[in-house]
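Trainee: Let's go through the side-chain contacts in this model. Where do we start?

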Amino acid sequence: MLSAALQILAFALALLGVLGTAVATLLPNWKVCLSAWAGAVTPVSRMGGLWTDCVWFSSGAFSCTVKPSPLSLPPALQTARAGMVLSCLVGAFGLCLASLGLKCTRWGGSRRAKAHTAVAAGGCLVLAALLALGPASWFTLQVVSAFLTTDLPDSSKYQPGGALCVTFISAGFLLAGGVIFCLSCPGTGTGRPEPPPGRFLRNREAKTGPSRTEEVAQENGRQGNPQQEREGRGHPSPTRLRPQDLKDSYSLQEYV
């Protein structure tokens, strides 16, 4: 199993990845078009995101409009929406599992249970990274293909924006954290088996000897009841007569 420092590093990378994925999902600059001309009411930059289309004018005004119905959107954009939302959800669930699988925490069960939880968290984080990488790669391919094949001037063509860079970096953080957590697998035969819960107590009792209560009980058993011992000495049983007393009793019977 990995050390606690590596697990903390993996948790920090996963946290940065989830936050970056959530921010990239909301950013409006997935594709950017920079205009070559500028005027008082001429747009300087046009940006398109997963949810809104924004325009930035040279006067400093900034305007955004929400995209129409999802059914009218291109397949690449619909896939990017679904993939990014699922990536955020799966990544958040992986962080919850990772908090249970950390060695520096007290919750989560035994060490072996923590190791299995950490592996499950790593799988969720890797899945979240793939869910973000796939749609972002397809969206980038669509933007680049439209830029190369369209006959419009370069000032009217869209280019990949900064949100795609944030998505790829966040997916890399998620992938790195997930791989580190996946290396927390306890193995099958190389590790030392975990002792049962009562074994430590039995070993401790064997080292320290019997408790004080057991010693008192044993001492009372050896001493017995003093009153019974005195009565036993005063009235000996016939079966415990000495040989000399037994001989005197036989002589008395013969005399009678």
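Trainee: Which residue lies over the face of Tyr158?

Mentor: Keep in mind that this is a predicted model. A charge counts as over a ring if NZ of Lys is within 6 Å of the ring centre and within 35 degrees of the ring normal. Here the distance to the Tyr158 ring centre is 4.7 Å, and the residue is Lys31.

Trainee: Over which ring does the charged end of Lys157 sit?

Mentor: The distance cut-off is again 6 Å from the ring centre. Lys157 sits 5.2 Å from the centre, and the ring belongs to Phe147.

Trainee: Which residue does Lys67 meet in a salt bridge?

Mentor: The count of salt bridges comes to 1. Its N to O distance is 2.7 Å. The pair links distant parts of the chain, 14 residues apart: Lys67 is in the loop between strand 4 and helix 2, and its partner in strand 3 is Asp53.

Trainee: Is Lys67 buried or exposed?

Mentor: Buried means under 20% relative accessible area. Asp53, at 30%, counts as partly exposed. Lys67 has 12%, so Lys67 is buried.

Trainee: Is the aromatic pair of Trp30 and Phe139 stacked or edge-to-face?

Mentor: The structure holds 1 aromatic pair. Trp30 and Phe139 are 5.4 Å apart, centre to centre. Planes over 60 degrees apart count as edge-to-face. The angle here is 85 degrees, so the pair is edge-to-face.

Trainee: How many residues apart are Trp30 and Phe139?

Mentor: Both are buried. Trp30 is in the loop between helix 1 and strand 1, while Phe139 is in helix 3. The pair links distant parts of the chain, and the separation is 109 residues.

Definitions and conventions
Residues numbered from 1 in each chain as written. Predicted model: local features only at pLDDT ≥ 70, side-chain atom pairs only at ≥ 80, totals over all residues. Heavy atoms only, no water. Salt bridge = Lys/Arg side-chain N within 4 Å of Asp/Glu carboxyl O. Helix = DSSP H or I, 4+ residues; strand = E, 2+ residues; numbered from the N terminus. Buried < 20%, exposed > 50% of the residue type's maximum accessible area, 1.4 Å probe, protein only. Phe/Tyr/Trp six-rings, centres within 6.5 Å; stacked < 30°, edge-to-face > 60°.
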